[in-house]
Amino acid sequence: MSETARARCDAVVVGAGFSGLHMLHRLRQAGFNARVFEAGSGVGGTWYWNRYPGARCDIESMEYSYSFSDALQQEWEWTERFASQPEILRYAEHVADRFDLKRDITFDTRVEKAAFDEEACRWRIDTDGGETVEATALIMATGCLSSANLPEFEGRTSFLGETYHTGRWPHDRVDFGGKRLGIIGTGSSAIQAIPIIAAEAEHLTVFQRTANYSIPARNGPLESDYVREIKSEYPDFRARNRLMPAAFGSKGLTRSGAPALADDPTAREARFAERWERGGLGFLGAYNDLLLSRDANETAADFVRARIRDTVKDPEVAERLCPDNVIGCKRICLDTRYFETYNRPNVELLVARTHPIERITPEGVLVKVLNSQTGEREGAREIALDCIVFATGFDAMTGAVLGVDISGRSGRTLLDAWSAGPLTYLGLTTAGFPNLFMITGPGSPSVLTNMIVSIEQHVDWIGDCLEHLRRERLATIEATSEAQDAWVDHVNAVAGQTLMPTCNSWYLGRNIPGKPQVFMPLIGFPPYAEKCAEVAQNGYEGFVLR
Ligand code: FAD
Ligand code: N01
């Protein structure tokens with residue numbers, strides 16, 4: 001690309017995870033010149049940053065991969081049912097090299113600011129490397145789970161030992177041998193890391209605020225016959241998955257069309273047990289109404305709680321690990337011997353109900369000691385630690401987009417436009433910000449799906465849209481406020497028909513103090529994909545094209 005083209009291009013893509021890589025390839029194929037900026041030193045996004053022990057996928061390998069190139073999906077060999085972080089990172093590297101993507105990616109560079117110039121109909125984008133680039137389109141491929149959440153515990157910076165965040169893990173191996181560790185959080189990241197860290201550390205204290213449901217992953221090597229079978233019909237397999245509610249799992253066990261309570265308890269138990277034994281996210285697909293009816297949900301929750309009580313030898317510890325919220329209102333976790341880990345003599349579980357964190361001290365973590373019956377304070381206890389792991393998640397869905405100072409028409413900032421929560425049309429665009437696109441933005445199915453499927457669907461839609469603008473010699477596309485308002489209402493209405501908004505999840509922004517509480521993802525991939533296609537076919541309904 002010439003110097004002029006580098007300073008003035010058709011599109012700037014922010015982020016070089018699976019979204020950014022595919023977007024760059026798609027833009028190039030359509031003859032656009034595009035540049036990608038990536039804060040990290042390499043490609044892979046999530047799989048570049050989250051190198052904590054045990055990090056792996058919860059979507060099966062044969063599905064968690066791109067479908068846009070048949071040659072790619074035929075040649076790549078996954079080794080396990082659920083791929084590990086190193087293997088997924090190797091895959092991202094392979095894709096970047098195979099399609100010669102790195103030459104248009106600027107690494108170690110954060111996009112800090114983007115302003116829309118209304119006269120020129122172009123975005124002006126500033127990086128922390130001091131570069132300014134002009135582009136017709138600005139495409140945020142910044143990730144739903146990329147802005148690490150490091151809570152402001154009092155005294156956090158006074159701690160004299162080592163600290164780590166699962167989403168910002170060092171590249172070199174961290175040696176926990178002979179050390180006293182504390183891990184804060186019991187979400188998916190912690191549930192994957194805890195069994196491995198516990199086996200290595202001298203002692204591990206787990207600080208749990210909310211107990212979580214977890215299903216055994218039952219990971220293992222991929223059978224070559226299975227791989228051959230999928231590869232022999234890959235396009236059809238992908239197409240069937242796109243028709244599934246969360247865009248994965250068409251080859252799993254079939255769903256019962258009947259409500260959970262229509263089965264007698266023995267049949268229901270057998271159905272849950274079959275899925276528990278198979279392992280994986282398919283557990284929640286046992287019945288269609290598990291996320292619609294509290295009574296149905298309780299049958300699945302009871303089943304998991306019974307498995308926790310079977311597994312954890314100390315009945316008091318087992319009770320602390322039993323969640324009491326709706327199963328599935330947070331993304332369900334997959335584990336390998338997570339609950340078994342609490343039978344180890346070197347692991348202690350402290351829960352916020354009786355031992356909430358008061359502050360971090362130079363030597364460790366100080367917890368209050370509360371009476372388990374009355375909740376009254378009985379004292380405090382300092383847990384001496386050599387190392388603290390923050391498995392405290394992310395400022396999800398909006399954190400990374402709002403991490404860039406974006407201003408649209410009349411200089412209005414996105415931060416201001418979204419002050420009461422994210423407003424989008426189709427989760428792809430936002431009114432007042434022409435030619436700004438978000439891949440897997442709030443208001444799209446994104447995190448409730450196999451994200452690679454959602455990424456590919458968005459990349460194709462954006463690619464087609466930019467080709468349309470070029471063909472029709474149009475300068476801008478912008479969502480109308482009316483279409484956006486109706487879309488936001490639709491996203492909320494769909495969520496409101498389910499149990500999904502009933503707990504303190506990051507889907508609602510409840511993990512971040514002060515964040516507006518709005519259910520951000522849209523439930524249901526197939527009708528969403530249909531709607532996006534329909535909007536485009538109808539001449540970009542709900543948009544103004546100039
Ligand atoms: P990301 O991979 O997050 O990439 C975004 C990139 O943008 C990052 O590299 C970041 O550095 C960069 N960036 C952000 N802001 C800027 C800026 N201002 N300037 C420059 N660069 C910037 N999904 C599934 O479907 N199945 C799974 O099993 C699964 N497992 C997961 C496990 C973990 C630990 C996590 C955190 C997420 C998981 N996800 C999973 C979700 C996962 O994020 C997506 O599957 C997918 O990798 C997202 O790709 P992306 O490119 O959209 O975003
Ligand atoms: O983050 P989380 P994560 N004080 O937000 C606790 C994907 N993923 O990194 O539940 C004390 O789920 C918080 O407590 P609570 C997946 O989509 C997938 O684990 O809010 N505790 C919680 O226990 C997942 O959903 C995989 O009460 C605090 C934990 O920290 C998403 O990424 C693996 C706290 C955070 O859990 C995020 O997962 C990993 C505070 N101030 C990630 N703040 C797969 O298996 C937070 N916590 C594929």
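**Close-up 1. Contacts of Ile439 in the predicted model.** Ile439 touches Ser19, Met23, Ile139, Met140, Ala141, Ile455, His458, Val459 and Ile462 (heavy atoms within 4.5 Å), with residues up to four places away in sequence not counted. The residue lies in the loop between β18 (436–438) and α14 (451–471); helices (H or I, at least four residues) and strands (E, at least two) are DSSP runs numbered from the N terminus. Ile439 is buried, at 3% relative accessible area (buried is under 20%, exposed over 50%, partly exposed in between; 1.4 Å probe, protein chains only). Ile439 and Ile455 are 16 residues apart in sequence and 6.4 Å apart in space, C-alpha to C-alpha.

**Close-up 2. Buried and exposed residues of helix α7 (residues 224–232).** Val227, Ile230 and Lys231 are the buried residues of α7. They lie on the same side of α7 because they cover an arc of only 95° around the axis, taken from the directions from the helix axis to the C-beta atoms. Asp225, Arg228 and Ser232, on the other side of α7, are exposed. The buried residues of α7 pack against α4 (70–75) and α8 (234–242).

**Notes.** Residues are numbered from 1 along each chain as its sequence is written, and chains are lettered from A and ligands numbered from 1 in the order in which they are written. In this predicted model local features need pLDDT of at least 70, side-chain atom pairs count only at pLDDT 80 or more, and totals for chains, interfaces and linings use all residues, while side-chain values use heavy atoms, with hydrogens and water left out.
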